Amino acid sequence: GGGGNKNNDLVKLPLGDHLIRIIPYKLDMDMPFIETYTHYGIANQNFLCPKKMSGEDCPICDLGWEMWQEFERTQDVAVKECFKNIMPKLRVFVPAIVKESTDPAIVWNKETNPDAKWWGMAKGTYEEILDEIISLDSEDIDVLDVKAGIDIHVEMENFMGRKDRFAVKKIKVARKQTPMIEGGVKKDIDA
(Lines give C-alpha, C1' and ligand atoms only; values in the text may rest on other atoms or scores of the structure.)
Protein backbone atom coordinates (compact mmCIF):
# COMPACT_ATOMS: atom_id res chain seq x y z
CA GLY A 1 0.00 0.00 0.00
CA GLY A 2 0.86 3.65 0.15
CA GLY A 3 3.81 4.57 2.34
CA GLY A 4 5.50 2.16 4.66
CA ASN A 5 8.51 0.03 3.88
CA LYS A 6 8.71 -0.39 0.12
CA ASN A 7 10.93 -3.48 0.54
CA ASN A 8 7.83 -5.26 1.86
CA ASP A 9 6.22 -4.56 -1.51
CA LEU A 10 8.92 -6.52 -3.38
CA VAL A 11 8.93 -10.21 -4.24
CA LYS A 12 12.37 -11.62 -3.45
CA LEU A 13 12.64 -15.05 -4.98
CA PRO A 14 15.07 -17.35 -3.14
CA LEU A 15 16.96 -20.31 -4.56
CA GLY A 16 14.63 -22.87 -6.11
CA ASP A 17 11.48 -23.06 -8.21
CA HIS A 18 8.57 -20.63 -8.20
CA LEU A 19 5.29 -20.17 -10.04
CA ILE A 20 4.53 -16.49 -10.66
CA ARG A 21 1.44 -14.76 -12.05
CA ILE A 22 1.81 -11.29 -13.47
CA ILE A 23 -1.31 -9.29 -12.66
CA PRO A 24 -2.78 -6.08 -14.10
CA TYR A 25 -1.38 -2.80 -12.77
CA LYS A 26 -4.14 -0.47 -11.63
CA LEU A 27 -2.51 2.61 -13.23
CA ASP A 28 -2.08 0.94 -16.65
CA MET A 29 -4.26 -2.13 -17.12
CA ASP A 30 -2.71 -2.95 -20.51
CA MET A 31 0.99 -2.55 -19.63
CA PRO A 32 1.99 -3.68 -16.14
CA PHE A 33 5.78 -3.40 -16.65
CA ILE A 34 7.56 -0.40 -15.12
CA GLU A 35 11.04 0.24 -16.55
CA THR A 36 13.59 1.85 -14.26
CA TYR A 37 17.19 2.82 -14.91
CA THR A 38 19.46 2.70 -11.90
CA HIS A 39 23.07 3.58 -11.19
CA TYR A 40 24.25 0.79 -8.86
CA GLY A 41 26.98 0.97 -6.23
CA ILE A 42 27.75 4.69 -6.39
CA ALA A 43 29.29 5.41 -2.97
CA ASN A 44 27.61 2.14 -1.86
CA GLN A 45 24.20 3.48 -2.89
CA ASN A 46 21.83 3.05 -5.82
CA PHE A 47 20.27 6.00 -7.66
CA LEU A 48 17.58 6.27 -10.28
CA CYS A 49 19.09 7.90 -13.34
CA PRO A 50 17.45 11.31 -13.88
CA LYS A 51 18.58 11.35 -17.53
CA LYS A 52 16.99 7.99 -18.42
CA MET A 53 13.96 8.39 -16.16
CA SER A 54 12.94 11.97 -16.96
CA GLY A 55 15.42 13.55 -19.40
CA GLU A 56 17.10 15.67 -16.71
CA ASP A 57 20.83 16.20 -16.27
CA CYS A 58 22.68 13.34 -14.61
CA PRO A 59 26.15 14.00 -13.19
CA ILE A 60 26.84 10.26 -12.97
CA CYS A 61 26.11 9.79 -16.68
CA ASP A 62 28.21 12.87 -17.46
CA LEU A 63 31.13 11.30 -15.58
CA GLY A 64 30.53 8.01 -17.39
CA TRP A 65 30.71 9.67 -20.80
CA GLU A 66 33.91 11.44 -19.77
CA MET A 67 35.29 7.99 -18.90
CA TRP A 68 34.20 6.67 -22.28
CA GLN A 69 36.04 9.48 -24.05
CA GLU A 70 39.12 8.67 -21.92
CA PHE A 71 38.82 5.01 -22.92
CA GLU A 72 38.56 5.91 -26.62
CA ARG A 73 41.66 8.06 -26.28
CA THR A 74 43.74 5.58 -24.24
CA GLN A 75 42.14 2.15 -24.86
CA ASP A 76 42.60 1.53 -21.12
CA VAL A 77 40.38 -1.49 -20.34
CA ALA A 78 40.12 -0.51 -16.64
CA VAL A 79 38.55 2.82 -17.65
CA LYS A 80 36.09 0.97 -19.91
CA GLU A 81 35.10 -1.28 -16.98
CA CYS A 82 34.55 1.77 -14.76
CA PHE A 83 32.32 3.24 -17.48
CA LYS A 84 30.27 0.03 -17.69
CA ASN A 85 29.93 -0.17 -13.91
CA ILE A 86 28.60 3.36 -13.34
CA MET A 87 26.24 3.69 -16.30
CA PRO A 88 22.56 3.02 -15.53
CA LYS A 89 21.18 -0.50 -15.80
CA LEU A 90 17.64 -1.39 -16.78
CA ARG A 91 15.56 -3.07 -14.08
CA VAL A 92 11.90 -3.78 -14.66
CA PHE A 93 9.16 -4.20 -12.08
CA VAL A 94 5.76 -5.81 -12.55
CA PRO A 95 2.93 -6.53 -10.10
CA ALA A 96 2.77 -10.24 -9.36
CA ILE A 97 1.74 -12.91 -6.95
CA VAL A 98 3.69 -16.05 -6.12
CA LYS A 99 1.40 -19.05 -6.65
CA GLU A 100 3.91 -21.74 -5.67
CA SER A 101 7.43 -21.63 -4.24
CA THR A 102 10.13 -23.64 -2.50
CA ASP A 103 9.74 -20.90 0.18
CA PRO A 104 6.15 -21.12 1.54
CA ALA A 105 6.53 -17.72 3.29
CA ILE A 106 6.33 -15.85 -0.05
CA VAL A 107 3.37 -17.78 -1.51
CA TRP A 108 0.19 -15.76 -1.94
CA ASN A 109 -2.39 -16.61 0.69
CA LYS A 110 -5.58 -14.63 1.20
CA GLU A 111 -5.26 -14.81 5.01
CA THR A 112 -1.52 -14.47 5.73
CA ASN A 113 -0.02 -12.90 2.58
CA PRO A 114 -2.93 -11.23 0.76
CA ASP A 115 -1.17 -8.47 -1.18
CA ALA A 116 0.28 -8.40 -4.65
CA LYS A 117 3.98 -7.52 -4.74
CA TRP A 118 6.40 -5.96 -7.22
CA TRP A 119 8.61 -8.53 -8.94
CA GLY A 120 11.87 -6.99 -10.16
CA MET A 121 13.80 -8.46 -13.07
CA ALA A 122 16.87 -7.78 -15.14
CA LYS A 123 16.79 -6.83 -18.82
CA GLY A 124 17.29 -10.38 -20.15
CA THR A 125 14.43 -11.85 -18.12
CA TYR A 126 12.17 -8.94 -19.11
CA GLU A 127 12.93 -9.41 -22.80
CA GLU A 128 12.36 -13.16 -22.57
CA ILE A 129 8.97 -12.67 -20.90
CA LEU A 130 7.97 -9.95 -23.39
CA ASP A 131 8.81 -12.25 -26.31
CA GLU A 132 6.57 -14.93 -24.79
CA ILE A 133 3.76 -12.42 -24.19
CA ILE A 134 3.92 -11.29 -27.83
CA SER A 135 3.81 -14.91 -28.97
CA LEU A 136 0.82 -15.65 -26.72
CA ASP A 137 -0.92 -12.46 -27.88
CA SER A 138 -0.72 -13.74 -31.47
CA GLU A 139 -2.65 -16.79 -30.22
CA ASP A 140 -5.26 -14.48 -28.60
CA ILE A 141 -4.14 -15.40 -25.07
CA ASP A 142 -4.18 -12.50 -22.60
CA VAL A 143 -1.45 -13.05 -20.02
CA LEU A 144 -3.15 -10.56 -17.68
CA ASP A 145 -6.58 -12.23 -17.74
CA VAL A 146 -7.29 -13.06 -14.09
CA LYS A 147 -9.73 -15.84 -15.02
CA ALA A 148 -7.66 -17.47 -17.77
CA GLY A 149 -4.15 -16.05 -17.72
CA ILE A 150 -0.71 -17.59 -17.86
CA ASP A 151 1.71 -18.62 -15.12
CA ILE A 152 5.48 -18.24 -15.31
CA HIS A 153 7.79 -20.89 -13.90
CA VAL A 154 10.96 -19.24 -12.57
CA GLU A 155 14.02 -21.20 -11.49
CA MET A 156 16.50 -19.25 -9.36
CA GLU A 157 20.19 -20.05 -8.86
CA ASN A 158 23.03 -18.60 -6.82
CA PHE A 159 24.33 -15.37 -8.33
CA MET A 160 28.05 -15.57 -9.13
CA GLY A 161 28.54 -18.30 -6.52
CA ARG A 162 27.18 -16.19 -3.67
CA LYS A 163 24.85 -17.88 -1.19
CA ASP A 164 22.99 -14.65 -0.32
CA ARG A 165 22.08 -13.47 -3.85
CA PHE A 166 20.04 -15.19 -6.50
CA ALA A 167 19.49 -14.75 -10.22
CA VAL A 168 17.02 -16.19 -12.71
CA LYS A 169 18.41 -19.39 -14.19
CA LYS A 170 15.44 -20.34 -16.32
CA ILE A 171 12.04 -18.94 -17.27
CA LYS A 172 9.26 -21.01 -18.73
CA VAL A 173 5.97 -19.39 -19.62
CA ALA A 174 3.08 -21.85 -19.47
CA ARG A 175 0.99 -22.32 -22.59
CA LYS A 176 -2.03 -23.54 -20.61
CA GLN A 177 -4.39 -20.91 -19.24
CA THR A 178 -5.40 -21.15 -15.57
CA PRO A 179 -7.36 -19.02 -13.10
CA MET A 180 -5.20 -16.55 -11.20
CA ILE A 181 -6.20 -17.57 -7.67
CA GLU A 182 -9.26 -18.42 -5.67
CA GLY A 183 -10.72 -15.40 -3.89
CA GLY A 184 -8.80 -12.59 -5.62
CA VAL A 185 -6.00 -10.34 -4.45
CA LYS A 186 -6.83 -8.20 -1.41
CA LYS A 187 -5.42 -4.91 -2.66
CA ASP A 188 -3.65 -3.26 -5.53
CA ILE A 189 -0.07 -2.12 -5.43
CA ASP A 190 0.49 1.60 -5.05
CA ALA A 191 3.05 3.19 -7.33
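Start with strand S1, residues 10-11, which pairs with S6 in the parallel sense over two bridges. For two strands to pair, DSSP has to find at least two bridges between them. Val11 has Trp119 in S6 as its bridge partner.

A word on ground rules. This is a predicted model, where local features need pLDDT of at least 70, side-chain atom pairs count only at pLDDT 80 or more, and totals for chains, interfaces and linings use all residues. Residues are numbered from 1 along each chain as its sequence is written, and side-chain values use heavy atoms, with hydrogens and water left out.

Back to S6. Strand S5, residues 89-101, runs antiparallel to S6, and six bridges join them. One of the bridge pairs is Ala96 with Lys117 of S6. How enclosed is S6 by the rest of the structure? Largely, because five of its six residues are buried. Buried is under 20% relative accessible area, exposed is over 50%, and partly exposed is in between, with a 1.4 Å probe and protein chains only.

Now the whole chain. The protein chain has four helices and eight strands. Those are DSSP runs, numbered from the N terminus: helices are H or I with at least four residues, strands are E with at least two. Along the sequence the pattern reads β-β-β-β-α-α-α-β-β-α-β-β. Of the 191 residues, 35% are buried. Take contacts between residues at least 6 apart in sequence: 66% of them join residues at least 24 apart. A contact here is heavy atoms within 4.5 Å. The accessible surface is about 11600 Å², and 51% of that belongs to carbon and sulfur atoms. That area comes from the Shrake-Rupley method with a 1.4 Å probe.

Next, the rings. Rings of Phe, Tyr and Trp (its six-membered ring) pair if their centres lie within 6.5 Å; planes under 30 degrees apart are stacked, over 60 edge-to-face, the rest tilted. That rule gives five aromatic pairs. Why is the pair of Tyr25 and Trp118 edge-to-face? Because their planes sit at 70°, with the ring centres 5.1 Å apart. This pair links distant parts of the chain, 93 residues apart. Tyr25 is in the loop between strand S2 (16-22) and strand S3 (34-42), while Trp118 is in strand S6, residues 117-122. Tyr25 is buried at 6% relative accessible area. Trp118 is buried too, at 10%.

Another pair is Trp68 with Phe71, and this one is tilted: 5.1 Å centre to centre, 40° between the planes. Both lie in helix H2, residues 59-74, three residues apart, about one turn of the helix. Trp68 is partly exposed at 24%, whereas Phe71 is buried at 10%. Trp65, Trp68, Phe71 and Phe83 form one aromatic cluster.

One more ring: the charged end of Lys52 sits over that of Tyr37, 5.0 Å from its centre. The cut-off is NZ of Lys or CZ of Arg within 6 Å of the ring centre and within 35 degrees of the ring normal.

Last, cysteines. Cys49 is buried, at 0% relative accessible area. Cys82 is partly exposed, at 37%.
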